Amino acid sequence: MRGIFRRQLAAYADYHRDQRNCTMRVIGNPILFLAAVLPLSLLSIEAFGVQTNAAVLLVIPALILWIVLDVAIGVAILGAAIPLLLAAAMIASHVSVGWVWMITGGLIVIGWALQIVGHSWFEHRRPALLDNPVHMLISPMFIFAKLFIALGYRRDLVPALHRSSQEMSRGSPLSQSEGWGDLGQHP
């Protein structure tokens with residue numbers, strides 16, 4: 001899985017070379033995550049004897065995937081997801097359904113505005129998600145990879161963030177697939 005993660009990370013990094021655009025990701029991604037889980041927090045569900053909401057249950061597979069792709073980054077994303085899920089549950093329990101949908105709409109507009117501004121003004125390239133939907137899952141990993149590197153951890157990820165995905169697909173050691181599929185990366 002490490003090879004898949006590094007190739008996808010490099011492909012995503014190709015779309016995010018401008019630091020201002022990367023800053024837009026750091027702000028916009030949590031906003032969009034909250035927008036995605038907020039309406040799902042309205043749906044109360046009992047699973048395995050525990051009362052929870054649909055947002056928690058639907059986020060678990062993505063959290064598992066992130067941890068499988070890279071344990072340290074996946075656990076960091078889990079640490080960031082928990083307060084966002086709690087915030088969504090708190091909002092959903094304290095406002096009307098109508099307000100949940102209005103807040104969700106506002107968050108979507110703000111989050112996507114940040115994404116579009118970042119790409120059109122700074123990167124001069126369309127968002128990665130439009131070319132490869134897998135990038136929706138790689139985006140939080142990219143943010144945490146950059147954070148870990150900035151803090152002096154995970155120097156092993158520097159080549160994946162600084163090499164282009166084309167270089168990696170031409171036979172560098174980072175391009176070895178370890179027998180797994182390519183998760184939708186375009187050549």
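This is a predicted model: local features need pLDDT of at least 70, side-chain atom pairs count only at pLDDT 80 or more; totals for chains, interfaces and linings use all residues.
Q: OK, what span should helix 4 have, and how far apart are its end C-alpha atoms?
A: Helix 4 covers residues 71-94, which is 24 residues, so it should span 34 Å. Its end C-alpha atoms are 35 Å apart, which agrees.

Q: What caps the N-terminal end of helix 4?
A: Asp70 does. One of its side-chain oxygens lies 3.4 Å from the backbone nitrogen of Ala72.

Q: And which residues of helix 4 are buried?
A: Ile73, Gly74, Ala76, Ile77, Ala81, Leu85, Ala88 and Ala92.

Q: Switching topic. Where is Arg25 found?
A: In helix 2, residues 19-37.

Q: Is Arg25 buried or exposed?
A: Buried. Arg25 has 0% relative accessibility, so it counts as buried. The cut-off for buried is under 20%.

Q: What does Arg25 touch, leaving out residues up to four places away in sequence?
A: Tyr12, His16, Pro30, Leu114, Gln115, His119, Ser139 and Ile143.

Q: How far apart are the C-alpha atoms of Arg25 and Leu114?
A: They are separated by 7.6 Å. Along the chain, Arg25 and Leu114 are 89 residues apart.

Q: How do helix 2 and helix 5 pack?
A: Helix 2 packs with helix 5, residues 97-123, at an angle of about 160°. Their axes are 8 Å apart. That angle makes helix 2 roughly antiparallel to helix 5.

Q: Is the crossing of helix 2 and helix 5 left-handed or right-handed?
A: Left-handed.

Note on methods: Residues are numbered from 1 along each chain as its sequence is written. Side-chain values use heavy atoms; hydrogens and water are left out. Helices (H or I, at least four residues) and strands (E, at least two) are DSSP runs, numbered from the N terminus. The expected span of a helix is 1.5 Å times one less than its number of residues. Buried means under 20% relative accessible area, exposed over 50%, partly exposed in between (1.4 Å probe, protein chains only). A polar contact is a pair of N or O atoms within 3.5 Å; within protein, one must be able to donate a hydrogen and the other to accept it, and residues adjacent in sequence count only if both atoms are side-chain atoms. Contact means heavy atoms within 4.5 Å. Axes are lines fitted to C-alpha atoms, for helices over the stretch in contact, and angles run from 0 to 180 degrees between N-to-C directions. Angles under 35 degrees count as roughly parallel, over 145 as roughly antiparallel, 65 to 115 as roughly perpendicular and the rest as oblique. A crossing is left-handed if the near helix is turned anticlockwise from the far one by less than a right angle, and right-handed if clockwise.
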